[in-house]
Structures are given as structure tokens and as C-alpha cells.
Amino acid sequence: MLTLDINGRSIQIDADPDMPLLWAIRDHANLTGTKFGCGQALCGACTVHVDGQATRSCSLAVGDAQGRKITTIEGVEGKVAEVVQASWRKLDVVQCGYCQSGQIMSAIALLTENKAPSESDIELAMDGNICRCGTYVRIKAAIQDAAQALA
């Protein structure tokens, strides 16, 4: 039996310790905001925070996630998260929306560590978060808008 701290709740799951964290989040904790994309940590759709760091949940074994604080899109809170989500709504970033939880999780991690990111900081932090709809311009604008609101 494995015990995970997901969004401040202790969740026990009976699973292989090598199972990707993504499946524990979606299938055991029933938190479906985190999406499956490529399964190889290349697209960012499965991004969550592990101990505050943006992490691809498809490539982290659930056994390695024990004892660490896991936050999904359903559990984000605080000033940075509120501002990022408000900027996403204000600039109407979402198109199909599939990748957006991962995009938002990466943006929150960036702005938590760097409240005044340069354009290259944003590009570096968001590199690997793929949007098939091509909303990259709006994503970058929303991050810049959020950074201005946090200043």
C-alpha cells in the first residue's frame, strides 16, 4: 500500500510502485484535470507540482512520489495561482483546453519562482508544454499579464 499527499489529502493506493504518478492521480484519486498526453514527458499535458516544482507525472513513478507534496490543477491555490487563472480567462487563452492544465501548472511554477520573467525565461519554462491548437502567443501574453499583476 502506498500513501500519497495529493492536494493536501493523504490518499492510500494499492498499486505497483513503478506505476506512473499520472495514473494514481487520475484513476486512484479521481482527479482528472491532469491529462495524459504522450506518456514520455515530452508534451507537458500531465504537469503537476511535486514539492512545488513543475513535474511530468507520466514519468515519475508513484513509489518515488511517496512522502512528497503533490499538487494538481484541482488543488492549486494562493495569489500566484489566482492571478495566473485570472489572466488565462482575461486573455481567453484556451482553445480546446486539453493541454491547459499542464500549461497553467508550468506557468504557476515559473511565476512562483520568478515574478518578473523575461521573454526568454517564459520560453524556457514553457518549453516542452505543447499546445496542438497553437495558443502559444496567448499563453505567453497571459504569463506576462500575470507577471504584471503580481508586480
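Reader: Why is E123 called partly exposed?

Author: Buried means under 20% relative accessible area, exposed means over 50%, and partly exposed is in between, using a 1.4 Å probe and protein chains only. E123 has a relative accessibility of 42%, so it counts as partly exposed. Before we go on, a word on the source: this is a predicted model, with local features needing pLDDT of at least 70 and side-chain atom pairs counting only at pLDDT 80 or more, while totals for chains, interfaces and linings use all residues. Residues are numbered from 1 along each chain as its sequence is written, and side-chain values use heavy atoms, with hydrogens and water left out.

Reader: What makes the pair of K140 and E123 a salt bridge?

Author: The rule asks for a side-chain nitrogen of Lys or Arg within 4 Å of a carboxyl oxygen of Asp or Glu. For K140 and E123, the closest N and O atoms are 2.7 Å apart, and the pair passes. K140 sits in helix 6 and E123 in helix 5 (residues 119–126), 17 residues apart. Helices here are DSSP runs of H or I with at least four residues, strands are runs of E with at least two, and both are numbered from the N terminus. E123 also belongs to a salt-bridge network with E119 and K140.

Reader: Why would such side chains pair at all?

Author: Side chains of opposite charge can pair when their charged atoms come close.

Reader: How many salt bridges does a search of the whole structure find?

Author: It finds four. One of the salt bridges joins D145 and K90, with N and O 2.8 Å apart. D145 lies in helix 6 (residues 136–150) and K90 in helix 3 (residues 79–90), 55 residues apart.

Reader: Are D145 and K90 buried or exposed, and why?

Author: They get opposite labels. D145 has 16% relative accessibility, so it counts as buried. K90 is at 58%, and therefore counts as exposed.

Reader: What about R68 and D51: how far apart are the closest N and O atoms?

Author: They are 3.2 Å apart, and R68 and D51 form a salt bridge. R68 is in the loop between helix 2 (62–65) and strand 5 (69–71), while D51 is in the loop between strand 3 and strand 4. R68 has 31% relative accessibility, so it is partly exposed; D51, at 43%, is partly exposed too.

Reader: Which residues are in domain 1, and which in domain 2?

Author: Domain 1 covers 2–71 and domain 2 covers 79–150; such bounds come from an automatic or database domain assignment. Their centres, taken over C-alpha atoms, are 21 Å apart.

Reader: How do you know that the two domains are in contact?

Author: Contact means heavy atoms within 4.5 Å. By that test, 16 residues of domain 1 are in contact with twelve residues of domain 2. However, eight residue pairs are in polar contact between the domains. Strand 3 (47–50) and strand 4 (53–56) are the elements that give two or more residues to the domain 1 side. A polar contact is a pair of N or O atoms within 3.5 Å; within protein, one must be able to donate a hydrogen and the other to accept it, and residues adjacent in sequence count only if both atoms are side-chain atoms.

Reader: Which residues of helix 1 are buried?

Author: In helix 1 (residues 21–28), they are L21, L22, A24 and I25. The buried residues of helix 1 pack against strand 1 (2–6), strand 2 (9–13), strand 3, helix 2 and strand 5.

Reader: Last one: why does I130 get its accessibility label?

Author: I130 has a relative accessible area of 41%, so it is partly exposed. I130 lies in the loop between helix 5 and helix 6. I130 and C99 are 31 residues apart in sequence, with 7.1 Å from C-alpha to C-alpha.
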